[in-house]
Amino acid sequence: MFKFSILFSLLFTTFYSFGQKKFTISGTIKDEATGETLIGATIRLKELPQNSTATNSYGFYSLTAPRNDYTLLISYTGYETASRLVSLTQSHTLNISLSAKNVLKEVVISSNKPNNDNVASPQMGAEKLNMTQINNVPVLLGEKDILKTITLLPGIKSASEGNTGFYVRGGASDQNLILLDEATVYNASHLFGFFSTFNSDAIKDVSIYKGGMPAEYGGRLSSVLDIKMNEGNNKDYTVQGGLGLISSRLKIEGPIIKDKGSFMISARRTYIDLFFKASSDTTLKGSTLYFYDLNAKANYHFDDKNAVYLSGYFGKDVLGLKNTFGTNWGNSTGTLRFNHLFNNRLFSNTSLVYSNYNYVIQSFESNDNFKATSKITDINLKEDLQYSMGNNHTLKFGVNILHHSIAPGDITTSQASSFNSKHVEQRYGFENAAYVSDEWRASDKLTILYGLRLSDMMLLGPGTFKTYDAAGNTLTSATYGSGAIVKNYFALEPRISASYMLDDENSIKASYNRNTQNIHLLSNSTSSSPTDLYVLSSNNIKPEIADQVSTGLFKNFKDNTYEFSAEVYYKWLQNQIDYKDGAQLIVNQDVESLLTYGTGRAYGLELFLKKKYGRFNGWIGYTLSRTERKFNAINNGDYYPATQDRTHDLSVVGIYSITKRWTLSSTFIYGTGNAVTYPTGKYNIGGLTTYSYSGRNGYREPSTNRLDIGATLEGKEHKKYHSSWTFGIYNVYGHKNPYTITFRDSKTVPNTSEAVETSIFGTAIPSITWNFKFQ
Amino acid sequence: MMNNVKKIIHNYHIILTVFALITSSCTKVIDLKLNNAAGQLVIEGNITNISGAQYIKLSKNVPFTNTNTYPPVTGAYVSVIDQNGKNHFLTEVSPGTYSFNTSGGIAGNTYKMYIQVNGQTYQASSTMPATVALDSVTAQNSAFKNSNNRKDIVVHYQDPSGIANQYRFVMYVNNIQIKRVYTFDDEFSDGKYLSLILNQNDIDIYPGDTVTVEMQGLDKPIYQYWFTLMQQQDNGPGGSVTPSNPPNNITPDALGYFSAHTTQSETIVVR
């Protein structure tokens, strides 16, 4: 509470320090061709360079300055910088459209200078990805993938080859908050992680925070991946799509009422199962295997002050074998948002967000038929406000009420089945939060972003709630009525980061943040599985807590065309969760009796060199890090490397526009192998060779490395029609990266054992995609 | 149930092999430098409900790279105490194998094992459950790889209602043991008539093969031991648990187990 009062006294003493008469200019920044709002565009006054701001998630900006005539400069990566003469004699609105720039022209336009936002902003540990770049990075089977592309950034590691799971600064994969238009996506993978649920056609903006999380985000320890969908072209109708090796895409967008409202519908479906139909194998002939995604969004602007947005996502994986089994799983989300401008300094957004993840597993065989289902549903009501105070302070504050309902598992069976029907009690809870933050330009050199998030987690009845001792025996059991509070956890999460400009192109930054997490993924398999189970903090499970400090040097050179940063971080983790040996997590009422709790720590150095502009662009990212966990029952209670501990991690991305029509791209990755547990001996038990182990994660898998290349050929320019070809080769030199290493009795030398390495990708994998667009 | 969900996940992978063909997945035998923590005591103690010799075998584990021959631990003092406090001394009938004769263990009785070896005393206890009858063993066409009438083996039995039961199955095809652990409890099937497929891809079974299935009734700690091993064998895509030495009923720590269990077998010729 002490920290809290300091924060508020700080806020209010600065509130009333207005001097000279000031006026505000505000408005929305859009793409000229499509009318899409631009997120994070920079607006500055040429005459007062320190006085700058950036557009928020809705493209809105507000800038306040003393009475004068100014040149307003508006810049955004990939767009021509615009300038407007403004006479600030009264507050007014100015909406500006920027035109996308032709990369090849850029080199000759010297006036179009990149800015130094990355150096000046107090935000650290964050990266914004440009969709053009994502679209150019070569990928597996031509399926553009945001989640795979972000793992090419320092501090973000891919869970395994070909997998969309990721770890941020030593955190577990369930410690990432993945938001699609503010809705939590619980399972962001298709097909066991080979593809992500994000169809890049429908995506407008991707931001990832791995440290220094702004106070408006909360609920997860390690990172925030904030993904925003396209709003749709409000000028013209366009149809675009692509035919790839394993899937096809189609997107339709256009105005509902020109310049007032637009819609976008984007869909994707795989057709791997067509190969099955052609197979002579009867098993495969009867098999089903596909996934699809549907993204839709519509918006309407009533006037300059009021706008409404409705967006949704629906995706599913379907897998089965005729008369044997069938499964499906997927997410659905929906977001209804209302923007309101109270005045040209106070922006408000109200959101009602729905999110659902569920799975169904069915066995059709007569003697062991069953249907197992599980689902998690969230409803979140949010109010976010942004207030540009005009005296070097921008305030953000808001509240949200998030209701979870989790059905961990239900089994229904027929009378003839070998199984009984079973029901595990649903769990309900509220995760409520309030936050306030202030970005304070304390001087020309020093900017401080500080804030506080108050979070409260309430576990609610009805149901029977137990507590367990360390051995998993029931200690107490109590029954609660509907809506009764079973457990309440309140947490204060301070967040602060600051940047100090050494000169125009160099700064140092530091940050501290605390994050808590009250929803936890239980999964004792090593890869993404549809049977992922979420549990809320409870009598047994305490909120996970992470404290992170980081500091770094940020440097731009060659007129801000190159960005370099070096960041170091240290993170302390409390109340981490692991499973006892032989834990049976599926449809288990007493699942919390199978858990053990420990701590963790992670630290590292991240180096990042990026060239954002020009015909040749790309980046090099390198991470040196260590990630450890500590549990009483494991390795004598000593720290041991977590599975995702990766000492070295290197990514190189290069994109080169050779001509107007040809763009080449390439990525290279190298990483230390995962920490794994291998046998240290063997014995015979029950007639089987059995392996003995001494301790957890004492070994390393072999290191991984891979080179991918891609090329895009743009079709000739037509007025109404455009097409392009994308070619790619994944794993160019056919490196066999380890996926799993298993141990078995030798198949060749009797009476001995062997280690077997499985690689998913044993050779180079070519791909080709044809893309088209009509307008 | 756990097993059936695993089975379905396993079935995914059969389908995913098609995907693997596209992506050219491959396996290779590799050399690994593994630490050597050999020479630990391994105890395999079994008391069954069948009249005759009962065996407790003592051996040591060996480095991974050795051949599968395990040095016997000889000269140990081994005894089993039954429910009535009667002490049965076991004699070493061959190096590392200790034995005594009984008229068979009795359901509900708790047996205690004492072993003294190299100045250390190990003990464990296990309770023999009531016998649940194995109804039958049948063969049916496999849902996967079913060309040439490849068969799956199904075991049928009635689970008694209202009590917790744990089972383990051991399967032999033409007298060769299938390299898989099969263990089930009745968490999801209490009181049901069960027909469980013993999934495996170790030896393909075709008409004409002779298949023997042994059904064991286990107590809970021993089930947990086998269940942990069963979870660890499901490695490969789709994931496995982090392996470890399974928890057992022996104190102080030693590898292996001491199990008082019921046993019955049935042999069929697959048609």
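Me: How many residues does the contact take from chain A and from chain B?
Reply: The contact takes 93 residues from chain A and 86 residues from chain B, where contact means heavy atoms within 4.5 Å. This is a predicted model, in which local features need pLDDT of at least 70 and side-chain atom pairs count only at pLDDT 80 or more, while totals for chains, interfaces and linings use all residues. Residues are numbered from 1 along each chain as its sequence is written, chains are lettered from A and ligands numbered from 1 in the order in which they are written, and side-chain values use heavy atoms, with hydrogens and water left out.

Me: Why is the link between Lys28(B) and Glu757(A) called a salt bridge?
Reply: The closest N and O atoms are 3.9 Å apart. A salt bridge needs a side-chain nitrogen of Lys or Arg within 4 Å of a carboxyl oxygen of Asp or Glu, so the pair Lys28(B) and Glu757(A) qualifies. The count between chain A and chain B is three salt bridges.

Me: Which strands form the open sheet, and in what order?
Reply: The order is β49(A)-β50(A)-β1(B), with antiparallel pairing. β49 (740-745) of chain A and β1 (26-30) of chain B each have a single partner strand, so both stand at the edges, with one side left without a neighbour in the sheet.

Notes. Two strands pair if DSSP finds at least two bridges between them. Helices (H or I, at least four residues) and strands (E, at least two) are DSSP runs, numbered from the N terminus.
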